[in-house]
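Please look over the sequence and the structure shown below.

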2 protein chains.
Amino acid sequence: MPWEKSFDEEAAVEKAMQVFWGKGFEAASIADLIEGTGVNRGSLYNAFGGKQALFVRTLLKYDHDTRQAILAQLEALDDPKLAISQFFDRIVADTVADTEHKGCFLVNTSLDLSAHDAEVNAIVVKALREIEAFFRRSIEVGQARGDIRKDLEPAAVAKTLLSLLVAIRVLGRGVYTEDALHTIAAEAKRIIA
Amino acid sequence: MPWEKSFDEEAAVEKAMQVFWGKGFEAASIADLIEGTGVNRGSLYNAFGGKQALFVRTLLKYDHDTRQAILAQLEALDDPKLAISQFFDRIVADTVADTEHKGCFLVNTSLDLSAHDAEVNAIVVKALREIEAFFRRSIEVGQARGDIRKDLEPAAVAKTLLSLLVAIRVLGRGVYTEDALHTIAAEAKRIIA
DNA sequence: ATTTGTTTGTACCGATTGGTCTAGATTATA
DNA sequence: TATAATCTAGACCAATCGGTACAAACAAAT
């Protein structure tokens, strides 16, 4: 029997994710992916199948490692109002620290759905819907505990918060400066104050 | 003396705009632009210089014909609160009517700034800043006339409204359905109620 | 040491990319 | 009718695209 496996597949996906994230799907060439991952051309096709399949792998990894990880941390706080507040603080901090202006991989992809198939569409939609669901759940629990005003409609406010989140990610890519992003985050907190 | 000009340059820019708007800058090939405009290859390069230059022309046309036109109409209402309300209604209506999910050309471009130069960046930034300025001005005038609550901070709320506008355009491209977009617009109006 | 299946490097594929250039048709002016 | 500028149509360019193929190097199990 020969090798079981050789190069670190997960590490390669991580590197490929950085390439797709930074350049976008179309603009990222196979040559870029080979250079970025350090994996050879043949091995890359053997392991992942092709460009589109590799992209899906990287998008799933981003969703798992970033979005799901953040939501899990915030849920663990068991303090809905604080969780929402920290969410916005963290997104603004990430955006400000992102000197390359790469933004959010999921949001970027949502603006590029025409270049992909239904699978990618489903991943993006599911991710954003789950963030919205987190907001709604947090508002409802916060209201039940008396931490959040009860005259707010959870479903509607959740959509507004998701909108502000998306906008921070979009406008953070070159249109708005740090101050403006902090202002938006502050307004988001004010809505549920 | 020969011809002064032949084909309708403005009409060609309009057609090219549709191509860039629908497919994005990178994905729109010269062949697409030739087919879309009906203008021959040589004439196209002779009249516009190249792909990037033509893109700038189309972006400027979109900004002028769409964004500037809408803002001018709304300003003419001379009713700040109504103007903001109508703005959101119109954007939602446009987004819902956009069955191809093309979204807003300016917003799409703002997510693709890495593919362009400083000139494109400046166009996008100026456009979005002027929308924000319209919001701020409307809020201030509305407050002065007693139509809008005076405890709102115009500059901050203007950024929030622009954020919601951008989010409607982004999420309208496949993530959110008509109902959700209307909900966001309603929340925007509620903020300045 | 042979076997087995992967990794690597590179050559190669057809297709397409943005862009240039030329030849000839076209049309208004002189 | 001759002229001048622009049009059309398409050949042509080097470069790059995503993807395939293949031979040699390689490492583990038999």
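## Chain A as a whole

Of the 193 residues in chain A, 39% count as buried, a residue being buried if 20 or more other C-beta atoms, placed from the backbone, lie within 10 Å of its own. The model is a predicted one, in which local features need pLDDT of at least 70 and side-chain atom pairs count only at pLDDT 80 or more, while totals for chains, interfaces and linings use all residues. Residues are numbered from 1 along each chain as its sequence is written, and chains are lettered from A and ligands numbered from 1 in the order in which they are written.

Chain A has nine helices and zero strands, where helices (H or I, at least four residues) and strands (E, at least two) are DSSP runs numbered from the N terminus. Its C-alpha atoms fill a box of roughly 65 × 40 × 30 Å along the principal axes. Among the contacts of chain A with a separation of 6 or more, 66% join residues 24 or more positions apart; two residues are in contact if their C-beta atoms, placed from the backbone, lie within 7 Å.

## How the copies meet

The contact between the chains takes 27 residues from chain A and 27 residues from chain B. On the side of chain A that touches chain B, the elements giving two or more residues are helices H6 (105–110), H7 (118–145), H8 (154–171) and H9 (178–191) of chain A, and H8(A) gives the most, with nine residues.

## Helix H4 of chain B

Helix H4 (residues 51–77) of chain B has 27 residues. Its buried residues are B:Leu54, B:Phe55, B:Arg57, B:Thr58, B:Leu59, B:Tyr62 and B:Leu74, and what covers them includes helices H1 (9–23), H2 (30–37) and H3 (41–48) of chain B. Just after H4(B), B:Asp78 takes a positive phi of about 55°.

Methods:
A residue is buried if 20 or more other C-beta atoms lie within 10 Å of its own, exposed if 12 or fewer, and partly exposed in between; C-beta atoms are placed from the backbone. The expected span of a helix is 1.5 Å times one less than its number of residues.
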